[in-house]
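Please consult the sequence and the coordinates alongside the text.

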Amino acid sequence: MIPEKAFERLLGLDECWEVTAAEYETDPIECFMLIIRETEKLWAKLVCPDAKCACTQVVCHDHAPVRVWRHLDAFGKRTEILCEPPRARCTACQKVWRVPVPWEGEGKHFTRDFEAFALTLMREMPMTKAGDILGETDTRLWRLLFAHVDKAYAALDLSELVHVGVDEMSRRKGHHYLMVFADLVQKRVVFATEGKDHTTFQRFAAEILQHNGHPKAITAVAMDMSAAYQKGAREELGNARIVIDPFHVSALVSQAVDEVRRREAAAGAQTTLQKTIYLFRKNPENLSEREQERLDELDLKHLATGQAYLIRLELRDIYQHTIKPERARERLERWVKWVRRKCERFGEALAPLLKVAHTVEQHLEGILAHWSGWLSTAFLEGLNSVFSAVKRKARGYRSSEYMIAMLYFVAGKLAIPSLPSHSK
Ligand SMILES: [Zn+2]
């Protein structure tokens, strides 16, 4: 078999296309170049794109300037397809159009096979690393990714969206927020937008309508206790029951413990509390032997930080060991009272926890909704590690559009091609 024919077979071309030359260049770089042209058989197969046209014959109008598509490497060498894409003309209505070439991917510069390979690498590693391996610039790879994400996202179907989880992703510590909306049943990210106020819910509701769904069809939304979220959910997702997820309640208490520790250290207990920040953030079962000893040395009873720590552990116990909703209500109400009593005793030192107790009381129904078994918030809790992965992959590209595209790619479960896996 002559090389040209072999390449036609390898590229999976039908009788409408032929490889007219297969050349190996060494200047300026080593590269296989496959020149492809249409055959006469193509014209017989084409019909006018205008469905109303009584088209009888399509002919070749002319050829567009030569274009280059990068294909998978052959023998480890860069391989490119060159073709002057033919333009067709309908003899009935005289319409002229560019004939799509069968190997073209979603981006402008690559073949479909190359794109599937590149996307597979992008799933596994940061963009810059994928670029190194492929010998491609970040810019071209990002463009490829955007093309695939945009196409797949447009086809996203939200007609069965009922349980939503909301969280925010900061691009840099303490800066710029993306609001992220997830489908907790399908366990995927369905929408992300800049900002962290209630208008993000308006944009989400509008997006749902674009994808065959309805904001009023949402029956439950899991999120934290921020006023902006509550307002957004009430106004835009009117039928949704609000569920405050355990992760956010725990995070709020942990932050308060940190704050108490900081204040107490600043108020004179600096030596006592030196290097204890992680002791109080960890849970008892995760402490090393040395950390446990260090904790035992501290007089937790008489330290505001110690009290704050016990308050956190008690809340954790409620989440871990309470099964019935009535019992959860009882325990949470008792927890709030208990915190208040301690705060009276320790005064200003425990003020951050007094604030948390107040918040918990205010949102008690939402917090208790967790026990109703309405929805699983596991996916929501896992989002933080998704966010880290997204940031790692998009290193150097922190603007919203890049982060959102990468987020959809990594966690959107979109129909995006990848190579078949041989490992399973
Ligand atoms: Zn026509």
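Is Cys48 buried or exposed? The model is predicted, and in it Cys48 has a relative accessible area of 8%. Because this value falls under the 20% limit, Cys48 counts as buried. Cys93, in contrast, is partly exposed, with a relative accessibility of 36%.

Cys48 is found in the loop that runs between α2 (41-45) and β3 (58-63), and Cys93 in the loop between β6 (86-90) and β7 (96-98), so the two residues tie together parts of the chain that are 45 residues apart in sequence.

**Pockets**

| Pocket | Volume | Lining by class |
|---|---|---|
| Largest pocket | About 1,400 Å³ | 14 nonpolar, 13 polar and 13 charged residues |
| Second largest pocket | About 150 Å³ | six nonpolar, one polar and two charged residues |

The largest pocket, with about 1,400 Å³ of space, is lined by 40 residues, and those closest to its centre are His248, Ala251, Leu252, Ser254 and Gln255. Which element gives the most to the lining of the largest pocket? That element is α8, with eleven residues. At least two lining residues come from each of β8 (163-172), α8 (246-269), α11 (304-321), α13 (351-362) and α15 (378-393).

The second largest pocket has a lining made up of Phe146, Val149, Asp150, Tyr153, Ser400, Glu401, Ile404, Ala405 and Tyr408. Two helices, α5 (138-154) and α16 (400-411), each supply at least two residues of this lining. The largest share, five residues, is that of α16. By class, the lining of the second largest pocket holds six nonpolar residues, one polar residue and two charged residues.

Methods: Residues numbered from 1 in each chain as written. Predicted model: local features only at pLDDT ≥ 70, side-chain atom pairs only at ≥ 80, totals over all residues. Heavy atoms only, no water. 1 Å grid on protein atoms, 1.4 Å probe; cavity = no way out; pocket = protein on both sides within 12 Å on 5 of 7 lines; lining within 4 Å. Points joined across faces, edges and corners; volume = space filled by probe spheres on them. Helix = DSSP H or I, 4+ residues; strand = E, 2+ residues; numbered from the N terminus. Nonpolar A, V, L, I, M, F, W, Y, C, P; charged D, E, K, R; others polar. Buried < 20%, exposed > 50% of the residue type's maximum accessible area, 1.4 Å probe, protein only.
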